[in-house]
Amino acid sequence: MKLALFADIHSNLEAITTCLSHAKALGADRFAFLGDLVGYGADPVAVLDLIEEHAADGAVVVLGNHDAAALGRPDDTLSSHARLTIVWTQAQLGEKQRAFLAGLPLSVPDDDMEAEDSIRAANTSYIFCGHVHEQKLFYMGADGHPLPFRPVPGTPIPTGKHRQWLAIVGSAGQPRDRNNKACYALADLERSRLTFFRIPYDFALAAHKVRSAGLPERIALRLERGA
Amino acid sequence: MQAFVPGSEVDGFRLGEVIHIGSMATIYRLTGSDGPLPLVMKIPRLGPGERAVNVIAFEQCRMVLGALPQSPHHPTLVTFGDVETTPYLVMEYIDGVRLDGWVHEAPVGADEIARLGSALALSLHDLHRQGVAHLDLKPTNVLYRTTGEAVLVDFGLAHHGYYPDLLAEELRYPVGNWVYMAPEQVVGIRCDPRSDIYALGAMLYQLATGRLPFGNPETKAQLRQRLYREPIPPRSVFPETPDWLQEIILHCLEIDARNRYASAAEVAFDLANPSQVTLTERASRGRRSKLAMLARRWLRSRNFEPAPCPPASDHTGPAPIILVAIAPGQVEDALFEALQDAARRLIAADDRCRIACVTAVPPAATLGGRRYEETATGRHIKHLVNLRRWAKPLQLAEERVTYHVLESDKPVAALVDYATMNDVDHVLMGGPKAGAPARLFPGVSAQVASLAPCSVTVVRSRAGN
């Protein structure tokens with residue numbers, strides 16, 4: 001069983017479709033969308049419809065803080081740019097997309113929780129999460145402290161179940177580490193291996209759509225530069 | 001817990017004789033294996049009284065060895081058992097002689113040390129190019145195949161830049177063999193391949209003198225001495241040690257990793273070309289440093305700042321070796337200058353690179369001619385002078401450029417062999433002039449380009465110049 005994990009898609013249809021087909025080509029048969037499906041980008045409706053299709057086939061989908069804001073739940077932590085795009089997103093969403101979002105389970109509400117608390121809180125070998133846009137893997141050392149590791153894209157990491165792992169899969173739709181390639185991760189659960197990927201996609205088209213929708217220039221630039 | 005004795009069965013494998021008992025694991029020959037490869041099984045020592053690090057080293061060994069491509073320089077990993085139930089590794093059996101066989105006979109002759117050391121340095125370089133540092137080099141972890149190639153074994157403490165380091169914070173004391181450990185390892189740095197160059201230097205020291213450079217430290221305080229103390233120079237211990245070997249050994253054993261050789265390939269190069277080793281103050285160093293100097297270093301060592309780890313290796317590895325092939329008769333023409341320009345650009349791109357100027361000439365008749373210039377030595381010197389003339393305008397530091405006259409009837413084979421033996425990263429050579437008439441047979445540059453184990457740049461002067 002291969003589980004493909006996507007986070008922080010942020011209404012970027014070009015990025016998520018490219019990542020999905022990459023994962024499917026590698027044999028992914030399960031999918032998880034880890035929050036922040038909308039916000040910033042110009043394709044909230046198409047992205048939500050695509051994810052809803054996968055959810056109907058059993059994909060795991062959780063709600064992110066941007067998604068909650070799009071449902072009208074107040075969020076003081078959002079930047080002014082983000083809030084502006086949420087208002088725009090709200091106007092795009094129809095009844096169908098709102099109903100889909102409203103039915104999603106909440107993400108862990110405490111975003112400030114340290115990696116250590118997260119690993120302890122979830123009594124399981126693997127935790128996958130989004131929200132933080134950079135790819136990172138935390139692993140629990142024998143002395144009980146989590147150690148951070150910056151994964152090398154495309155290199156499968158043996159992640160034995162006897163240890164605990166917390167993987168931040170990276171942002172599919174809005175990378176911010178000066179690299180404009182989309183992030184996602186693929187977990188081979190049978191062989192206990194986790195691979196992080198960076199996938200080139202048509203960022204120019206995504207940025208063009210952001211500009212055409214009249215969304216802030218800063219957001220289009222971020223897609224082009226990855227920062 | 002299952003008892004592992006010869007004759008018992010583990011996951012379908014039958015254990016044979018015990019071939020090695022280490023502090024962390026035991027190694028058994030496997031009997032009755034049907035495959036073409038003779039096998040061993042490594043089982044970590046677990047249970048009461050054993051350390052937790054044994055199982056972490058097992059995981060690390062599995063991860064690193066599993067990631068390495070097949071190579072003659074380390075055993076091939078065949079399969080492994082589950083870490084939670086039956087941890088074991090099944091690996092290729094290496095039919096070879098351990099380096100500690102020579103250590104027991106030390107002092108060993110300089111030629112033999114050069115042969116053993118350069119083979120070991122080449123296999124280390126192969127490892128470093130994969131982004132791996134071994135970090136537990138000692139004479140029992142180095143084997144020599146009958147073909148002369150060195151094989152590194154036991155990757156339990158190795159570090160792979162592409163994988164999480166499971167040993168990172170597990171250890172409250174420096175893990176590894178204290179005898180050969182580099183200063184930065186003493187303070188817990190586990191990402192520097194130059195730590196292996198230090199351990200290599202410590203083993204060369206032992207082979208040359210029959211003594212350990214820092215004895216056998218028993219306490220952490222004794223171990224920390226190497227943060228400020230240099231070893232007694234080999235020639236003061238064993239006066240027959242040649243100066244070039246002392247130079248190489250002390251260059252490997254520099255306290256600050258930045259002052260050591262930048263790559264293991266450079267060590268191999270120097271060991272294979274003793275006459276080309278640039279002798280510095282290290283070669284003639286007589287005794288240990290003065291007391292005042294030692295006191296100053298000791299004070300500084302209390303805040304020992306290890307050098308930052310070099311960036312993860314790319315395909316060429318650290319500090320590339322560039323071979324510049326100069327045709328024997330080549331004088332100061334346009335091609336001569338074009339080669340200088342091309343070399344200048346490579347030097348500007350990587351200021352750690354080394355240049356080996358090479359010319360391949362037909363062997364001279366032993367008796368030679370009547371005049372000095374026609375004798376074998378006379379001709380040899382004439383070619384060396386020409387190589388030096390070529391390199392002079394590059395204004396390189398002495399230790400970054402070497403000169404070699406290869407005597408051979410087959411210039412292509414001589415150049416390609418030389419590039420292979422010395423793990424050269426890039427060959428720079430002149431080609432036929434642009435617009436020159438097509439040849440029936442490929443010229444030297446075309447043949448070298450197709451046969452060399454590395455990148456080859458064929459430089460030509462513009463037609464009409």
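**Briefing: chains A and B of a predicted model**

A:Glu14 lies in helix H1 (residues 13-25) of chain A, where helices (H or I, at least four residues) and strands (E, at least two) are DSSP runs numbered from the N terminus. The structure is a predicted model, in which local features need pLDDT of at least 70 and side-chain atom pairs count only at pLDDT 80 or more, while totals for chains, interfaces and linings use all residues. Residues are numbered from 1 along each chain as its sequence is written, chains are lettered from A and ligands numbered from 1 in the order in which they are written, and side-chain values use heavy atoms, with hydrogens and water left out.

**A:Glu14 and its surroundings**

- With a relative accessible area of 9%, A:Glu14 is buried; buried means under 20% relative accessible area, exposed over 50%, and partly exposed in between (1.4 Å probe, protein chains only).
- Leaving aside residues up to four places away in sequence, A:Glu14 touches A:Asp43, A:Tyr201, A:Asp202, A:Leu205, A:Ala206 and A:Lys209, contact meaning heavy atoms within 4.5 Å.
- The side chains of A:Glu14 and A:Lys209 are joined by a polar contact of 2.5 Å. A polar contact is a pair of N or O atoms within 3.5 Å; within protein, one must be able to donate a hydrogen and the other to accept it, and residues adjacent in sequence count only if both atoms are side-chain atoms.

**Chain A as a whole**

- Chain A has 8 helices and 10 strands, and buried residues make up 54% of its 227 residues.
- Among contacts in chain A with a separation of 6 or more, 73% come from residues 24 or more positions apart.
- A:Thr85, in helix H4 (residues 80-92) of chain A, counts as buried because its relative accessible area is 0%.
- Beyond residues up to four places away in sequence, A:Thr85 touches A:Gly39, A:Tyr40, A:Leu215, A:Pro216 and A:Ile219.

**Aromatic pairs**

- The whole structure holds 8 aromatic pairs over all chains. Rings of Phe, Tyr and Trp (its six-membered ring) pair if their centres lie within 6.5 Å; planes under 30 degrees apart count as stacked, over 60 as edge-to-face and the rest as tilted.
- B:Trp102 and B:Tyr144 form an edge-to-face pair, at 5.4 Å centre to centre and with 75 degrees between the planes.
- This pair links distant parts of the chain, 42 residues apart: B:Trp102 is in helix H2 (residues 100-103) of chain B and B:Tyr144 in strand E9 (residues 142-145) of chain B.
- B:Trp102 counts as buried at 15% relative accessibility, as does B:Tyr144 at 5%.
- In chain A, ring pairs link A:Phe6, A:Phe33, A:Tyr184 and A:Phe197 into a cluster.

**Helix H9 of chain B**

- Helix H9 (residues 264-272) of chain B is mostly covered, with 8 of its 9 residues buried.
- Among the buried residues of H9(B) are the charged residues B:Glu266 and B:Asp270.

**Interface between chains B and A**

- In this interface, 16 residues of chain B are in contact with 16 residues of chain A.
- The area buried between chain B and chain A is about 1,400 Å², of which carbon and sulfur atoms give 61%; buried area is the accessible area (1.4 Å probe) that two parts lose on being put together, summed over both.
- Between the two chains there is 1 salt bridge, defined as a side-chain nitrogen of Lys or Arg within 4 Å of a carboxyl oxygen of Asp or Glu.
- B:Glu59 forms a salt bridge with A:Arg163, and the closest N and O atoms are 3.1 Å apart.
- The count of residue pairs in polar contact between chain B and chain A is 2 (both at pLDDT 80 or more).
- The side of chain B that touches chain A has 8 nonpolar, 1 polar and 7 charged residues; Ala, Val, Leu, Ile, Met, Phe, Trp, Tyr, Cys and Pro count as nonpolar, Asp, Glu, Lys and Arg as charged, and the others, Gly among them, as polar.
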